[in-house]
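This report describes a predicted model. Please look at the sequence and structure below before reading on.

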Amino acid sequence: MTVHEQDVVGAAAITRAMELGDSVRGQTSPNPPVGAVVYTSDGTIVGEGATAPVGGDHAEVSALRAAGERAQGATVAVTLEPCNHTGHTGPCTQALINAGVARVVVLHSDPNPIAAGGAEVLRAAGIDIVHLHGAVPEQAGHLSDALRPWLAAIQLGRPHVTVKFAQTLDGYIAAADGTSKWITGESAREYVHEDRARRDAIIVGTGTALADDPRLTARTFDGSLFPHQPRRVVIGSRSLPPGSNLEKLGFIQYGSISQALDELWSDGARDVLVEGGAGLSSAMLNQGFVDSLQVYIAPMLLGAGQKVLAHPVTHTLADAPRFQQEHVVLLGDDVLVEYSAAESA
């Protein structure tokens, strides 16, 4: 196999590993959602794996088990540097060494000081290490890099926060009479629920909880629940009525944003989604807790109504927080634009 062919095969393997990691996003915290693929010198995939829930196998171990003896002399493509510590399970580095793999292709280094250093251990054992330094293959297209929120959370020391809102072309999230269902169409709403199922928690303020009576569940197109359900979180001091959906389903309430993020982090949450409302979104921005934005834009105009933010974030363009575009997704007649904070992009 030529060097070019090796690069093509490696890119395909990393892309498949990303798909595997994305398939378990939301189910692994506080561990990262990692994917791993074992393939032979001719490019044949002989084993695949993804991180199991806490206490279960890591992605590399699962992939090596699937490969069996075929792992000897093979290459392993993995989305995160193999861990070099013993927690609920043994170090993945030792599993790779014991399996006799020849080469490991790594997408991201591990920023966690407890688990880092795996690449050096593998290299010392005579295993070739190829580090992509987060360079996602072009063929991955718009495939989500499931590790990015976890990586950011480890560096921040708190959950990674994405603020989501649906708006009209002229920037309103509700009409003048307060109606907001439905600004976006069915395709966008289905996408929202799929995304909820990948998160550790869904957060709203008490204003939204009282006004909209949301369920904050992740539901399929037929209304049934996804296997993974995020924590339902409310921030604010007002009580919810006994008959509300959240009271029936169960939720956690915190008095402040900082308390919520601190306690969610301690409870293992690494990737959270804020769904409202305008007051909470403003407070998140003003306190510097917004790492990503999900902006669903519907092809309609209102001219008046409730704006995305309830309070000013700045009074001058020079001080306005800026975001970098990451993905654009067409959802029927609606458009989803995903942004990351410019300073952390």
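## The sheet

Eight strands form an open sheet with mixed pairing, in the order β10-β9-β8-β11-β6-β12-β15-β14. The edges are taken by β10 (252-254) and β14 (323-331); each has a single partner strand, so one side of each is left without a neighbour in the sheet. On average, neighbouring strands of this sheet are turned by 25° against each other, direction ignored.

Strands of a sheet pair through backbone hydrogen bonds, either parallel or antiparallel. Strand β9 (residues 231-235) pairs with β10 in the parallel sense, over three bridges. Within this part of the sheet, V233 stands opposite I252 in β10.

## Leucine 151

Helix α5 (residues 148-156) contains L151. Is L151 buried or exposed? Its relative accessibility is 12%, and buried means under 20%, so L151 counts as buried.

Leaving aside residues up to four places away in sequence, L151 touches L80, H108, S109 and P111. F226 lies 75 residues from L151 along the chain, and the C-alpha atoms of the two are separated by 25 Å.

## Cavities

Rolling a probe the size of a water molecule over the atoms shows where empty space is left. The count comes to two cavities of 30 Å³ or more. The largest cavity holds about 80 Å³ of space.

Which residues line the largest cavity? The lining consists of R25, G26, T28, S29, P33, A146, P149, W150, R198, D200, R270 and D271. Four residues of this lining are nonpolar, three are polar and five are charged.

Terms used:
Residues numbered from 1 in each chain as written. Predicted model: local features only at pLDDT ≥ 70, side-chain atom pairs only at ≥ 80, totals over all residues. Heavy atoms only, no water. Pairing = 2+ DSSP bridges. Helix = DSSP H or I, 4+ residues; strand = E, 2+ residues; numbered from the N terminus. Axes fitted to C-alpha atoms, helices over the stretch in contact; angles between N-to-C directions. Buried < 20%, exposed > 50% of the residue type's maximum accessible area, 1.4 Å probe, protein only. Contact = heavy atoms within 4.5 Å. 1 Å grid on protein atoms, 1.4 Å probe; cavity = no way out; pocket = protein on both sides within 12 Å on 5 of 7 lines; lining within 4 Å. Points joined across faces, edges and corners; volume = space filled by probe spheres on them. Nonpolar A, V, L, I, M, F, W, Y, C, P; charged D, E, K, R; others polar.
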